[in-house]
Amino acid sequence: RVMDTLLQRFDCRMECFASPLNCRYERFASVFDLDRSLGSLGSFFDLPTSFFATVGGCFEANPPFCEGVIEAMNRRIHQLLEHTGTATKPVPLMFVVIVPAWKDSKAYQDGLLQNSFLTEHLFLTNGTHWYAEGTQHRRK
């Protein structure tokens with residue numbers, strides 16, 4: 001339901017860290033450039049800044065739960081938002097980031113929560129939500 005809500009409320013139409021087997025939207029980027037042959041726009045980290053500056057909109061970012069990837073994602077999102085703010089014709093740009101609340105994580109505490117572009121932080125307590133692994137690629 002999260003992806004449906006993002007689409008309905010924010011017109012979110014692209015995932016930054018999907019794979020051809022679990023993407024929900026038509027447009028998606030991956031962690032690996034290798035997924036291009038299967039419909040990915042390529043690695044989120046390698047998409048040109050001009051892509052985001054031209055397209056604008058809402059992007060869902062649910063990276064692999066790895067400290068280094070989360071840190072790199074935070075830096076990239078910060079860079080993209082910073083660039084959009086200085087563009088001649090800025091377009092609205094929003095990222096919805098979904099990561100575990102690792103209280104001892106430098107990427108979470110010192111990175112994401114300290115990002116100057118953070119406008120809202122929603123913390124879901126244990127037991128009030130669940131993660132459903134995508135199985136749309138399985139034969140019924």
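How many bridges join strand 1 to strand 3, and do the strands run parallel or antiparallel? Two bridges join them, and the two strands run parallel. I'll come back to that pair once the ground rules are set.

This is a predicted model, and residues are numbered from 1 along each chain as its sequence is written. Local features need pLDDT of at least 70, side-chain atom pairs count only at pLDDT 80 or more, totals for chains, interfaces and linings use all residues, and side-chain values use heavy atoms, with hydrogens and water left out.

Confidence next. pLDDT is the predictor's confidence in each residue, from 0 to 100. The chain averages 83. At least 70 is reached by 89% of the residues. Among the elements, strand 1 has the highest mean pLDDT, 94. Helix 4, residues 106-111, has the lowest, 78.

Now the layout. The chain has four helices and four strands. Helices here are DSSP runs of H or I with at least four residues, strands are runs of E with at least two, and both are numbered from the N terminus. Along the sequence, the pattern reads α-β-β-α-β-α-β-α.

The four strands form an open sheet in the order 2-1-3-4, with parallel pairing. Strand 2 and strand 4 stand at the edges with a single partner strand each, so one side of each has no neighbour in the sheet. Two strands count as paired if DSSP finds at least two bridges between them.

Let's walk across it. Strand 1 and strand 2 pair in the parallel sense over two bridges. There, Glu-15 has Phe-28 in strand 2 as its bridge partner. Then comes the pair from my opening, strand 1 and strand 3. Met-14 stands opposite Phe-59 in strand 3. Finally, strand 3 and strand 4, residues 93-97, pair in the parallel sense over five bridges. Cys-58 stands opposite Met-94 in strand 4.

How covered is strand 3? Mostly: four of its five residues, 57-61, are buried. Buried means under 20% relative accessible area, exposed means over 50%, and partly exposed is in between, using a 1.4 Å probe and protein chains only. For the chain of 140 residues, the buried share is 33%.

What lies across the sheet? Helix 1 lies across strand 1, strand 3 and strand 4. Helix 1 runs at about 165° to strand 3. For that angle, axes are lines fitted to C-alpha atoms, for helices over the stretch in contact, and angles run from 0 to 180 degrees between N-to-C directions.

Leu-7 lies in helix 1 and is partly exposed at 30% relative accessibility. Beyond its neighbours within four places in sequence, Leu-7 is in contact with Cys-12, Arg-13 and Tyr-25. Contact means heavy atoms within 4.5 Å. Across the chain, take contacts between residues at least 6 apart in sequence: 54% of them join residues at least 24 apart.

Next, charges. Side chains of opposite charge can pair when their charged atoms come close. The whole structure holds three salt bridges. A salt bridge is a side-chain nitrogen of Lys or Arg within 4 Å of a carboxyl oxygen of Asp or Glu.

Arg-24 pairs with Asp-4, with the closest N and O atoms 2.5 Å apart. Arg-24 sits in the loop between strand 1 (14-15) and strand 2 (27-28), and Asp-4 sits in helix 1 (residues 2-10), so this pair ties together parts that are 20 residues apart in sequence. Arg-24 is partly exposed at 44%. Asp-4 is partly exposed at 33%.

Arg-13 and Asp-11 meet at 2.6 Å, N to O. Arg-13 is partly exposed at 48%, and Asp-11 is partly exposed at 44%. Asp-33 and Arg-36 meet at 2.8 Å, N to O. Asp-33 is partly exposed at 38%, and Arg-36 is partly exposed at 47%.

One last stop. Is Ser-43 buried or exposed? Buried, at 6% relative accessibility. Ser-43 is in the loop between strand 2 and helix 2 (49-55). A polar atom of its side chain lies 3.3 Å from the backbone oxygen of Val-31. Not counting residues up to four places away in sequence, Ser-43 touches Ala-29, Ser-30, Val-31, Phe-32 and Asp-33.

Notes:
A polar contact is a pair of N or O atoms within 3.5 Å; within protein, one must be able to donate a hydrogen and the other to accept it, and residues adjacent in sequence count only if both atoms are side-chain atoms.
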